[in-house]
Amino acid sequence: MLIYPSIDVDFGFPSKICDGDAVLFSNKCKVLSGSMEFNWNFGTGVAADTSAAPEPVFQFSGKGTYSVTLTAKTMPYGFTFSKTISVTVNAIPTVGFSKANACQGKSLTVTNTTTPTTGTVMNWNFGDNTTSTLTNPTKKYSTPGTYIVTLLS
């Protein structure tokens, strides 16, 4: 009786992917003996969006969730094993905000107009060595003056 080797199929990718990113897929497949061939399907519905590279780099055509499948084939026996993982590509945020000037000791209110806000981390700098990660923060300045407020997302 002959028992053929099987492949433990697995792969990884960056945890945060934005529209337009070149995504490196890391191949984590393991086989006890022999070698492997690979076929990647990036789940776009376009027949050409595949690769036979062990660790391909792929750029998705837009935001959304894609079912990426890696199929590994044992060599020389030709048995195939597959794994599918959902990959989410996020829209690039359009960062913006408005503000209403305030008097000393009163709260300055900023209104975040960044889109989309879901899954977006806000990094505010109030120009006086204070920061916030709230979506719509308020800020009281203790000294009158001009401050440059920035938002990174």
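**Exercise 1.** Determine which residues Thr114 is in contact with, leaving aside its neighbours within four places in sequence, and whether Thr114 is buried or exposed.

*Solution.* Taking contact to mean heavy atoms within 4.5 Å, and leaving aside neighbours within four places in sequence, one finds Pro93, Thr94, Val95, Gly96, Met122, Leu151 and Ser153 around Thr114. This is a predicted model, in which local features need pLDDT of at least 70 and side-chain atom pairs count only at pLDDT 80 or more, while totals for chains, interfaces and linings use all residues. Residues are numbered from 1 along each chain as its sequence is written, and side-chain values use heavy atoms, with hydrogens and water left out.

Thr114 counts as buried because its relative accessibility is 3%, buried being under 20% relative accessible area, exposed over 50% and partly exposed in between, with a 1.4 Å probe and protein chains only.

Finally, consider its polar partners. The side chains of Thr114 and Asn112 are joined by a polar contact of 2.7 Å, that is, a pair of N or O atoms within 3.5 Å of which, within protein, one must be able to donate a hydrogen and the other to accept it, residues adjacent in sequence counting only if both atoms are side-chain atoms. The Thr114 side chain also reaches the backbone nitrogen of Gly96, at 3.3 Å.

**Exercise 2.** Work out in what order the three strands of the open sheet are arranged, and which are the edge strands.

*Solution.* The order is S11-S12-S15, with antiparallel pairing, two strands being paired if DSSP finds at least two bridges between them. The edge strands, each pairing on one side only, are S11 (97-100) and S15 (138-140). Between S11 and S12 (residues 107-112), which run antiparallel, there are four bridges, and Phe97 stands opposite Asn112 in S12.

How values were computed. Helices (H or I, at least four residues) and strands (E, at least two) are DSSP runs, numbered from the N terminus.
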